[in-house]
Amino acid sequence: MEYIGLFPMWYEPGIGSGWVVGLIATIHVLFSHTAVGAAIFFAYLSTVSYQRNQPELLEFIKRYGLFLLVFSYVLGSITGPGIWYSTTVASPRGISALIHSFVWKWATEWVFFVIEVVGVYMIIYLVGKVDRATHLRISLIFGIASYGTMLIIIGILSFMMWPGKPEWFVEGGYLNGFYGANTFAQLAMRTAFMFTMTAVVGGIVAGAIKDVAFKREITRKLALLGMASTLAGGLLFMWYMNTLPDSAQVMVANRLPDWFAVSLVSVLGGIFAWFAVTWLQPRLLSPALAMVMTVAVLVFGLWPEEVARESIRKPYVAGQYVYSNQVIARDVPGMGIKSEIPLIERKGFLPTQVFVPAQLRVVTESNALHAGRSLALTTCSNCHSLSSTGMRPLAKYFGGNTDVAQVKTYLQGTLGTGNTIYMPHIPLNDAEAYALARFIVSLNPQSLRNPLRTAAAESTALVAPTIKE
Amino acid sequence: MDAAMLYALRDPAGVPSHPLVFLVLGVLTWALHIAAVQVMLGASALTLYGAFSRNPYWRRLAAAMLSTAKVAVSVAIVLGVAPLLFVQVIYDPFWYTANVLSARWVIGFIVILIVAYLAMYLFYYRNPRLATQPVRGAWHLVISLLLMLVVGWIMHVLSYQMLLPEQWMSWYAPNGQIDPSGKSLHGYSVTRFSFFILLSVAVVAAWLFAYRRYLMGRNAEDAGYIAWLLPLAHRLMLVGGVLAVASGALWLATLPEKMAWFATSAWIWVSAAALLATAFFPRLLGHKLDQSLWGYVPFALGAVALIVVGTAREALRYFTLFGSHGYDALDYKVNMDWYSTSLFFITFAVLGGVILGYLLTVAWKAGQTEGVYTPSRAITRLGNLSIGLLVLWVVQFFAVGFYVWAR
Ligand code: HEM
């Protein structure tokens with residue numbers, strides 16, 4: 001017997017599993033950028049303190065280090081594995097594809113993590129206990145190791161969007177997958193924005209400096225860093241967009257809302273203005289204001305960026321060969337990977353999937369609704385909510401259509417042919433298309449509110465439309 | 001779940017080195033992870049006990065163990081990432097299924113861990129001088145400890161559900177009705193979990209010997225406290241040893257049928273010997289404990305014992321899945337990738353070795369020094385080497401990258 005390797009499904013009816021991942025990821029980006037930003041800023045302060053013989057600066061690092069590093073660090077180090085765990089349950093084959101190509105890269109990153117964890121405690125607790133040259137050395141080690149983690153993760157994130165070089169599909173190999181124009185463009189852009197974050201977050205620290213002259217000096221330095229990095233980041237963003245492959249360009253042109261470009265420019269403009277103001281009036285800077293600014297960057301900058309990245313890689317979730325609905329979409333001869341589409345075309349989903357209850361493997365008149373639900377769960381629910389809330393609720397797109405035959409024709413004509421750019425190719429034979437259509441029709445928003453909440457709720461929900469017929 | 005199904009769930013990309021390499025690294029890093037977890041649990045428990053004691057030594061111990069616990073959580077988390085990586089390389093069919101079937105708890109794990117960690121910090125902020133002042137807000141620490149145990153329980157369930165493929169379908173679709181909510185924890189073994197948690201007693205005892213040795217290097221005023229720690233560590237080690245053997249035996253007695261072979265296997269004898277050796281070693285050392293670096297040896301030996309126990313735990317998994325389900329984790333398709341394999345081992349051995357060697361030496365020496373510590377020339381050279389190696393690493397990242405990009 002041949003199978004396609006789909007795992008069981010996790011379906012979150014409230015906001016959808018995609019949003020759960022997105023939320024955790026955005027929070028993590030805030031914490032980790034704050035941590036990296038603070039690390040670099042502290043390495044800088046440590047240097048100044050050493051060169052000018054100003055030990056009070058180190059005291060300062062200690063006080064704010066405890067707050068900033070430990071908190072963004074503690075929470076950053078939990079939300080990091082958190083992204084991993086949440087993608088594991090939301091998209092197991094997506095994360096699996098990344099892990100199996102890049103396990104050694106992640107393991108290498110882990111060595112840097114261990115160095116960071118040891119380093120962060122030493123930077124804080126050894127202030128005043130070691131000579132300043134040693135403290136500076138530790139800060140530098142910490143700063144470079146932090147950047148090392150970024151170098152590694154960027155390559156993996158780029159692969160997730162698009163393997164570094166197209167040769168990867170034919171030749172395979174880690175290097176072809178990891179490195180490419182897109183990797184470097186993204187790295188350059190993120191590095192620039194990392195300094196922007198450093199400057200924003202540094203404001204939390206600088207705002208608390210008591211010495212007026214020193215506060216002014218540091219604040220202005222941060223403002224210059226912020227303005228330069230925001231400008232550079234904006235330009236590098238354009239380079240980045242140019243390195244996107246054609247298919248992604250099509251997605252950008254068609255799928256990103258019109259306001260996206262406008263909002264991007266205004267966010268960057270807003271950040272720039274913030275730095276301009278703190279340069280002109282350093283005394284206005286306070287920790288509270290800087291914190292508000294940090295959160296604003298998160299909500300208006302990082303979150304939309306996460307969402308955009310998510311939508312331009314549709315219908316794939318990893319490496320342009322794993323569909324969002326977890327099916328392997330194409331051959332990758334370089335890695336010995338075979339598309340699963342031909343098997344599905346020959347035998348259908350239900351007989352070839354591992355996790356299908358025995359009584360649903362063959363569609364009959366009496367099990368069609370349940371079989372349809374099973375199909376909807378595996379083939380659509382990664383992108384379409386099956387309830388009335390969450391991401392792109394399926395019911396809305398079919399707007400209460402009750403004609404099973406019509407829906408069936410639609411499914412086979414569009415998804416079945418694979419002609420929609422943002423949706424996977426989902427071959428559906430007559431029996432499975434019928435079952436899925438039956439289920440979709442039963443989602444009619446008026447008759448059902450939340451058909452898939454749990455098995456218990458389901459037994460009442462699914463019975464209703466059956467009886468009606 | 002027949003073997004064909006399990007194999008179908010494997011990632012078609014294969015793995016970039018021989019699967020045995022991942023299996024071994026998984027065992028080693030898991031042993032380190034669980035050691036940190038056990039230090040953290042044991043230290044939290046000692047903090048809690050000491051916080052309510054009137055004995056000034058107990059109070060001092062409570063303060064020290066609180067600092068230990070705070071750092072140990074970080075270390076446990078970062079050391080947990082490595083086995084998390086390796087387990088899904090060769091056991092992906094099992095790990096992903098076990099996770100998805102309890103998805104809500106997997107997400108809950110993150111939230112619960114955050115709350116547990118923050119609760120520990122809140123306790124710390126309310127008790128900056130635990131050694132001398134009455135404890136305040138002890139319930140923070142109680143909550144933290146309980147939630148840490150919940151986190152461990154979730155980890156346990158995920159590890160255990162992997163071993164029960166024959167039940168997956170009945171969990172995913174009870175009575176043929178698919179339940180995709182991931183709301184339940186399905187498979188667990190209370191005795192197995194208790195064994196790993198109760199090991200904390202012996203591990204924290206070994207930790208106390210090391211802590212005591214560390215204090216001896218500092219100054220003479222601590223003599224009373226150091227003397228007081230010795231019988232405490234010995235007593236905890238004895239209790240810990242008994243608990244480990246008893247709970248281990250209970251776990252073995254309650255193994256499900258398909259794993260029953262494990263109870264009488266050689267893995268168990270070797271593990272039991274390693275645990276007992278660790279438990280009796282400090283007594284054997286006697287006065288030697290106070291000489292040169294011997295005080296650190298019980299903990300080192302404990303770490304070795306944990307690696308042995310971790311190996312036995314892995315044997316249980318490998319042979320159960322192989323014997324009862326026909327899945328051989330070691331016949332994974334290999335797409336050998338020399339560059340990333342060597343880069344990891346070089347980074348791990350050379351950069352990791354040098355840099356962590358430098359950092360830990362400085363941390364240790366600074367702790368042993370009154371006032372400001374200035375490292376010797378040799379140690380400073382190690383520090384400069386660390387920075388140089390990091391810079392070199394970054395340079396090779398770009399050099400290789402530009403070469404590949406331009407090719
Ligand atoms: C801080 C609280 C934690 C506690 C108390 C804890 C406890 C445990 C325990 C008791 C086990 C063994 C379960 C068994 O075999 O029955 C385990 C396994 C494991 N833990 Fe943790 N853990 C914690 C945090 C973490 C974190 C944060 C991670 C990930 C970053 C992690 C990753 C793992 C992994 C991957 C395994 C399974 C390894 C395998 O099966 O090969 N743990 N943990």
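A polar contact here is a pair of N or O atoms within 3.5 Å. Keep that cut-off in mind as we walk through this predicted model, starting at the ligand. An oxygen atom of the ligand lies 2.8 Å from an N or O atom in the side chain of Arg317(B), and the side chain of Arg313(B) also has an N or O atom 2.8 Å from a ligand oxygen. For His156(B), the distance from a side-chain N or O atom to an oxygen of the ligand is 2.6 Å.

The surrounding residues come from chains A and B, so the site is shared between chains.

That brings us to the interface itself. Chain B contributes 108 residues to the contact and chain A contributes 94. Together the two chains bury about 9,000 Å², with 77% of this area on carbon and sulfur atoms. On the side of chain B that touches chain A, helix α12 (residues 338-368) supplies the largest share, 18 residues. Sorted by class, this side of chain B holds 75 nonpolar, 24 polar and 9 charged residues.

What links the chains across this interface? There are 27 residue pairs in polar contact, both partners at pLDDT 80 or more, while the count of salt bridges is 0.

Definitions and conventions: Residues numbered from 1 in each chain as written. Chains lettered and ligands numbered in written order. Predicted model: local features only at pLDDT ≥ 70, side-chain atom pairs only at ≥ 80, totals over all residues. Heavy atoms only, no water. Contact = heavy atoms within 4.5 Å. Buried area = accessible area lost by both parts, 1.4 Å probe. Salt bridge = Lys/Arg side-chain N within 4 Å of Asp/Glu carboxyl O. Polar contact = N/O pair within 3.5 Å; in protein donor to acceptor, adjacent residues only side chain to side chain. Helix = DSSP H or I, 4+ residues; strand = E, 2+ residues; numbered from the N terminus. Nonpolar A, V, L, I, M, F, W, Y, C, P; charged D, E, K, R; others polar. Near = heavy atom within 4 Å.
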